[in-house]
Amino acid sequence: MSRPPLHALQGFVATARQGNLSRAAEALHLTVSALSHQIRGLEERLGQRLFLRNARGVELTADGRLLFERIAPHFDAIEQALRPFRAPRDNVLALTLMASFASSWLVPRLPRFLAAHPQLEINLQSSVAVVDFERDTQLDAGLRYGPGQWPGLQAVPLFDDWVTPTASPELISRLGRPTLATLDAFPLLGAPGGRWSQWFETFGGTSPKRFVATFDDSETLHRAAVEGLGVALGRITLTRPLVEAGLLVPLFDARLKAEYAHYLVYPPRSESHRGLAAFRDWLLAEARDYERQSAPKPKRAPRGNAGR
């Protein structure tokens, strides 16, 4: 058997890591058709099926997994060896982040950054998956919502988030506006326990045992609230554009601190990226301004109580 071409093996490794032909083709600057042709040719040359196709992408077969484990480390070693000889990419900054956070918070602010740094190009890649920066070396940094600890990454705190019940104007018109004491009688979106239980423990009322619907991501939860399905315990950062557009209404001034916070994260290799340094400084300034605007204001003590 003749030696498989190197570009076909590279395409195989990229597809195995992405688990998706489209994303792998984009990373390699190929068409999906060209990448598929490479992989079919490699499978024919080896006489083994390397991938199983499914609705969500591709999955390695047992033979494919064995091949990946044997050759992927060699591509990683080549990548590491070539890195010092590559031209600097300080004028291009590739970021990974959730699409919901990009559209609700970052993108509306980006024009200010690009106006101040016209020499920089921002490449945003939205994904719900947690990126492995050691494998995806084309990415320089990411914006994450989480506990603030990711092994091998520098995590720069940006700001906390807050949650508060929100509902559509249509639902309020149909059912009225709840009080803290009557909120449990309204259709609530979520699940028993968790943040809803903390809400009721903090601000009063009784957490119902049954909720109208549950969701596994914030964007779908907020969209369901917009459609009038029920009351969502919405994150301020994500719901603010919907509130400003008149699609959602915060029901109370009270807010509960969210479980996690927002961070800028990046691997050690990005420390010297001058574009990232400029973005980090700008991002921290934007985060401070946003936190000043969004954090709950402390209530003033009633007059006449001073000194008591």
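The model is predicted. Helix H2 spans residues 21–28 and buries Leu 21, Ala 24 and Ala 25. The aromatic pairs come to 15. Strand S5, residues 141–146, has five of its six residues buried.

**Helix H2**

- The buried residues of H2 are Leu 21, Ala 24 and Ala 25. Viewed down the helix axis, these buried residues fall within an arc of 100°, so they line one face of H2.
- An α-helix has 3.6 residues a turn, so residues three or four places apart point the same way.
- At the start of H2, Asn 20 places a side-chain oxygen within 2.9 Å of the backbone nitrogen of Ser 22.
- Just after H2 comes His 29, with a positive phi of about 60°.

**Aromatic pairs**

- The count of aromatic pairs is 15. One of them joins Phe 101 and Trp 105, and is stacked, with 5.5 Å centre to centre and 15° between the planes.
- Both partners, Phe 101 and Trp 105, sit in helix H5 (residues 99–116). They are four residues apart, about one turn of the helix. Phe 101 and Trp 105 are both buried.
- Trp 196 and Phe 211 make a tilted pair, because their ring centres are 6.2 Å apart and their planes stand at 45°.
- Trp 196 belongs to helix H7 (residues 194–203), while Phe 211 is in the loop between H7 and helix H8 (218–226), so this pair ties together parts 15 residues apart in sequence. Trp 196 and Phe 211 are buried.
- A cluster linked by ring pairs contains Phe 101, Trp 105, Phe 159 and Tyr 290.

**Strand S5 and its partners**

- Five of the six residues of S5 are buried, so the strand is largely enclosed by the rest of the structure.
- S5 runs parallel to strand S3 (residues 92–97), and two bridges join them. Here Leu 95 stands opposite Ala 141 of S5.
- S5 also pairs with strand S10 (residues 256–266), in the antiparallel sense, over five bridges. In this pairing Arg 144 is opposite Tyr 263 of S10.

**A charge over a ring**

- Arg 235 lies over the face of Tyr 145, at 3.7 Å from the ring centre.

Definitions and conventions. Residues numbered from 1 in each chain as written. Predicted model: local features only at pLDDT ≥ 70, side-chain atom pairs only at ≥ 80, totals over all residues. Heavy atoms only, no water. Buried < 20%, exposed > 50% of the residue type's maximum accessible area, 1.4 Å probe, protein only. Arc of directions from axis to C-beta. Polar contact = N/O pair within 3.5 Å; in protein donor to acceptor, adjacent residues only side chain to side chain. Phe/Tyr/Trp six-rings, centres within 6.5 Å; stacked < 30°, edge-to-face > 60°. Lys NZ or Arg CZ within 6 Å of the ring centre and 35° of its normal. Pairing = 2+ DSSP bridges.
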